[in-house]
Structure formats: structure tokens, C-alpha cells
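Please look over the sequence and the model, and then read the short report on nonpolar cores and salt bridges.

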Amino acid sequence: MITQKAKYALRALTFLARAEPGDPIQIPEIAEQQKIPKKFLEQIMLDLKRGGLVDSRRGKQGGYLLHRPASEITYGEVLRLIDGPVAPLPCLSLTAYRRCEDCEGESDCEIRRVFARVADETRAVLLTTSLADAAKTEVPEPV
């Protein structure tokens, strides 16, 4: 499961993706429209700025806007920035590989084999779904 922080980050970024390009949005507006606690959103936006996903402008007409086009920012990129690796097991992570402490051999691990398929499918969706995709699509029915 993703963290609440990641959900809020994705909601804030999708809100920015729907905004007029080049038109900064202030935190109070994002917080109110997306039902995100303002103080928590401030921290999230700083993380997103440090991660190169948003820019900020100061002043009365200031606020936050996407650093790159929404079509170039993927869900996977956001989740990795906020929550860390997206793999269900450390031995399946592409960015933070770690051998499982209780593992006697990855090639013999039936748990790893099953979750490798899960990880591959999850990554395929997360790394090909952009903020632009999310901003324009309807919510699919649960399976």
C-alpha cells in the first residue's frame, strides 16, 4: 500500500496537471480543493520541489507549478520520491536492491518468483502512467 503522504502528493500533482500551464497555484487552494491538511501539504510540496517535480514562485501571484509537462511525470517517479522503492520485496527493487535477510537463495525462492511477476506488472503500470493520463481519465471500476 502507498502512504497517505504519497496519495496526497499524487492528488496535489494531478491538481497542478489540470491547471493552466504556467499558472502557479497556492498551497491553500490545493489544500482546500484536494482536502489535504495545509501543513502536511507544505512539507510534501517541499519534497516535490527538492525532487525536481515542481517549481515555486514567490510573491502575491506565486505558488507551485509543475517543473516538467504532466505527460513526463509518472506515478512511479512520484512514488519512488515520496515512499522509496516500489518493489514488494527488497530483492526485487531496481533502485534499492537488497538481499532478503532470511533468504538462502533467490533462484530457489518461490515467494520471490511470484512477487517478481507482481513487481513487473506494477512497475509497468506505474512507470507508464503519467500525471496527464491520470488527470484526463475516469476512475476504473475495481476488479
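The report below begins with the model itself and then turns to its cores and its salt bridges.

## About the model

This is a predicted model, in which local features need pLDDT of at least 70 and side-chain atom pairs count only at pLDDT 80 or more, while totals for chains, interfaces and linings use all residues. Residues are numbered from 1 along each chain as its sequence is written, and side-chain values use heavy atoms, with hydrogens and water left out.

## Nonpolar cores

A nonpolar core is a set of buried Ala, Val, Leu, Ile, Met, Phe, Trp, Tyr and Cys residues joined through side-chain atoms within 4.5 Å, where buried means under 20% relative accessible area, exposed over 50% and partly exposed in between (1.4 Å probe, protein chains only). The largest such core has 29 residues, and Met45 and Leu48 touch the most other members. Helix α1 gives this core its largest share, 8 residues.

Beyond its neighbours within four places in sequence, Leu48 is in contact (heavy atoms within 4.5 Å) with residues including Ala9, Leu13 and Ile82.

## Salt bridges

The structure holds 7 salt bridges, each a side-chain nitrogen of Lys or Arg within 4 Å of a carboxyl oxygen of Asp or Glu. One of them joins Asp120 and Arg123 (3.5 Å, N to O); Asp120 is partly exposed at 47%, whereas Arg123 is buried at 9%.

Glu42 and Lys39 also meet in a salt bridge (3.9 Å, N to O), and here Lys39 is exposed, with a relative accessible area of 63%.

How values were computed: Helices (H or I, at least four residues) and strands (E, at least two) are DSSP runs, numbered from the N terminus.
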